[in-house]
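Welcome! Please take a moment to look over the sequence and the 3D view before reading on.

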Amino acid sequence: MTSTTLLHLDSSISPDGSVSRALTARFASVWRARHGTAARHRHLDLAGDPVPAVRAAFDALGRRTERKGVLPLDDIALLARTPEEEHEWALARPLIEQLLAADVLLLGAPMYNFTVSTGLKAWIDRVTFPGVYRDAATGEALLRGTRVVLVAVRGGGYGPGTPREHCDFQVPYLRAYFEGLGIAPEHLHVVTAELTRAEDVPALHALRPLAVESLAHAEATLDALAATL
Ligand SMILES: Cc1cc2nc3c(=O)[nH]c(=O)nc-3n(C[C@H](O)[C@H](O)[C@H](O)COP(=O)(O)O)c2cc1C
């Protein structure tokens, strides 16, 4: 069995009773059992231990870097002109390196107000820096081989043909983001669990069987993915 790395991100604000956390934990457990002790499993809780929001010095360093083209990470550090820029880069670099080192990125993403959580957005802004996902010598996309498992959970239903389909700014946003980062479309696996609030919201009670079905489908899909990735 070859050594491999799972980067596991959770972003639900609920430590208990979170469907996305339960689903990512399920995937990670099957994945770990399959890959054995040689595999690395790194877990980040983006809600409990949030990544600081990016600040002006992050943007200033990013713009200066962008003018130079694609640079190795060590060279970006040398472009910092102020302690604030050094600080912003020191917060970003380890997270960028974690992403570059991951063979599989497992992401638990609840829908909040039609899009992703603040904690996940802060991580996205922090790890997105000019040129860092391209090889400085060849220009090759460094995340081309990275597999992404996106576990998208939402209280309502947003499937094709439903009245709220047009309000889904969660999955289309994350698809566009990861494709922009250089993830190959065939390596982006989106698993949704919908109608998680069907028990709580009286108007959704009639949809409870669909919620059960959606969760069971998500679990089976994740088990199958964990058995192959
Ligand atoms: C702040 C907040 C905003 C939410 N906004 C939406 C929403 O816009 N659409 C929706 O379908 N569900 C929404 N929900 C419900 C969550 O998507 C649902 O509870 C989901 O299961 C959360 O993921 P979790 O179970 O992993 O915590 C929201 C929940 C919270 C706490």
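This report looks at the ligand and its surroundings, and then at the pockets.

## The ligand and its neighbours

Before we start, please keep in mind that this is a predicted model.

Let us now turn to individual atoms. In the side chain of Ser 18, an N or O atom is 2.7 Å from an oxygen atom of the ligand. The backbone takes part as well: a polar backbone atom of Gly 156 is 2.8 Å from an oxygen atom of the ligand, and for Phe 114 a backbone N or O atom lies 2.9 Å from a ligand oxygen atom.

How much of the ligand does the protein bury? On its own, the ligand would expose 630 Å², and 77% of that is buried by the protein.

## The largest pocket

Where does the ligand sit? The ligand takes up the space of the largest pocket. This pocket holds about 350 Å³ of space.

Its lining consists of 19 residues, and those nearest the centre of the pocket are Met 111, Tyr 112, Gly 155, Thr 196 and Arg 197. By class, the lining of the largest pocket has 8 nonpolar, 9 polar and 2 charged residues.

## The second largest pocket

There is another pocket to explore. The second largest pocket has about 300 Å³ of volume. It is lined by 16 residues, with Thr 192, Glu 194, Leu 195, Leu 210 and Ser 214 closest to its centre.

Which elements give two or more residues to this lining? They are β5 (188-193) and α7 (208-226). Helix α7 provides the largest share, with 6 residues. The lining of the second largest pocket divides by class into 7 nonpolar, 7 polar and 2 charged residues.

Definitions and conventions
Residues numbered from 1 in each chain as written. Predicted model: local features only at pLDDT ≥ 70, side-chain atom pairs only at ≥ 80, totals over all residues. Heavy atoms only, no water. Polar contact = N/O pair within 3.5 Å; in protein donor to acceptor, adjacent residues only side chain to side chain. Areas by Shrake-Rupley, 256 points an atom, 1.4 Å probe, with all protein chains shown as cover. 1 Å grid on protein atoms, 1.4 Å probe; cavity = no way out; pocket = protein on both sides within 12 Å on 5 of 7 lines; lining within 4 Å. Sits in = over half its atoms within 2 Å of the grid points. Points joined across faces, edges and corners; volume = space filled by probe spheres on them. Nonpolar A, V, L, I, M, F, W, Y, C, P; charged D, E, K, R; others polar. Helix = DSSP H or I, 4+ residues; strand = E, 2+ residues; numbered from the N terminus.
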